[in-house]
Amino acid sequence: MGSSADSERLFNRQRTLHEILGGGLVADVILWRQKNLTLGILLVTLSAWVVFEKSGYTLLSLVSSVLLLLMSILFLWAKSAAILNRPAPPLPQLQLSEEMVNEMAASIRSRVNALLSVSQDISLGKDSRLFFKVAAYLLLIYFAGGLTDFLTLSYTSLVMVLTIPALYERCEDYVDKYIMTGYRKLLQLYVKFDEEYLNRFQNWVLEKKKLS
């Protein structure tokens, strides 16, 4: 792509969408570069959503039922194998290494500290822009939660994550072009509104102050 195309990118970004999403397996799944895996995730989540919606199961009851069934099968398998002199169930070693636990703890700690830092900045009024952004997201979640249940919202969000970025990557030249064009028009309208109305209002306030 040429320099003119790069200048039309949203937020003037220089990296590709794949790089922005991390460039690893997660990015490959989101952008359908691992089609079988992405399709499998969609089918599994769709099946889970149908099971929860139609059967009346809750997440806790379903997990308990699956674990009970799995433990019962393994227990009976192990007992029958001992009686019949057969090999035991081929289970991997169910143990977390110290290195894995330390990495998980460090990752969680850094994310929690970042969240606490952002919360502190908002609470102390240091970042008004961030406050309004977070407030807008929370209001959006509040209204979305009022329209649907958590399970349907989670499934819909997953479908959007696995479809919108992939569609955007295929048509990003056109999408960026039209969004940037719309942004410029909105900016022109704002400048016009500022010149015609806000400046007049400010001048009127200044005149009132002088007269008083």
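Select leucine 116 to start: at a relative accessible area of 51% this residue is exposed (over 50%; buried is under 20% and partly exposed lies in between, with a 1.4 Å probe and protein chains only). The model is predicted, so local features need pLDDT of at least 70 and side-chain atom pairs count only at pLDDT 80 or more, while totals for chains, interfaces and linings use all residues. Residues are numbered from 1 along each chain as its sequence is written, and side-chain values use heavy atoms, with hydrogens and water left out.

**Helix H6**

Helices are DSSP runs of H or I with at least four residues, numbered from the N terminus. The end C-alpha atoms of H6 are 37 Å apart, which agrees with the 38 Å that its 26 residues should span at 1.5 Å a residue; the expected span is 1.5 Å times one less than the number of residues.

Now show Leu96, Met100, Val101, Met104, Ile108, Val112 and Leu116 as a surface: together they form a nonpolar patch with about 640 Å² of accessible area. Such a patch joins nonpolar side chains (Val, Leu, Ile, Met, Phe, Trp, Tyr) within 5 Å, and like charges within 9 Å in the charged case, from residues with over 30% relative accessible area and no salt bridge. A salt bridge is a side-chain nitrogen of Lys or Arg within 4 Å of a carboxyl oxygen of Asp or Glu. Areas come from the Shrake-Rupley method with a 1.4 Å probe, and for residues only the protein chains shown count as cover.

Next pick isoleucine 122, also in H6, which is partly exposed at 23%. Leaving aside residues up to four places away in sequence, isoleucine 122 touches Leu130, Phe131 and Val134 (heavy atoms within 4.5 Å). Just after H6, glycine 125 has a positive phi of about 70 degrees.

**Aromatic pairs**

The whole structure holds three aromatic pairs. Rings of Phe, Tyr and Trp (its six-membered ring) pair if their centres lie within 6.5 Å; planes under 30 degrees apart are stacked, over 60 edge-to-face, the rest tilted. Select phenylalanine 131 and phenylalanine 132, an edge-to-face pair at 5.2 Å and 65 degrees. Phenylalanine 131 is partly exposed at 40%, and phenylalanine 132 is exposed at 55%. Then take tyrosine 142 and phenylalanine 143, also edge-to-face, with centres 5.4 Å apart and planes at 70 degrees.

**Helix H8**

Finish at residues 150-170, helix H8, whose 21 residues reach 30 Å from first C-alpha to last. Buried in H8 are Thr152, Leu162, Pro165, Ala166 and Tyr168.

How values were computed: Helix = DSSP H or I, 4+ residues; strand = E, 2+ residues; numbered from the N terminus.
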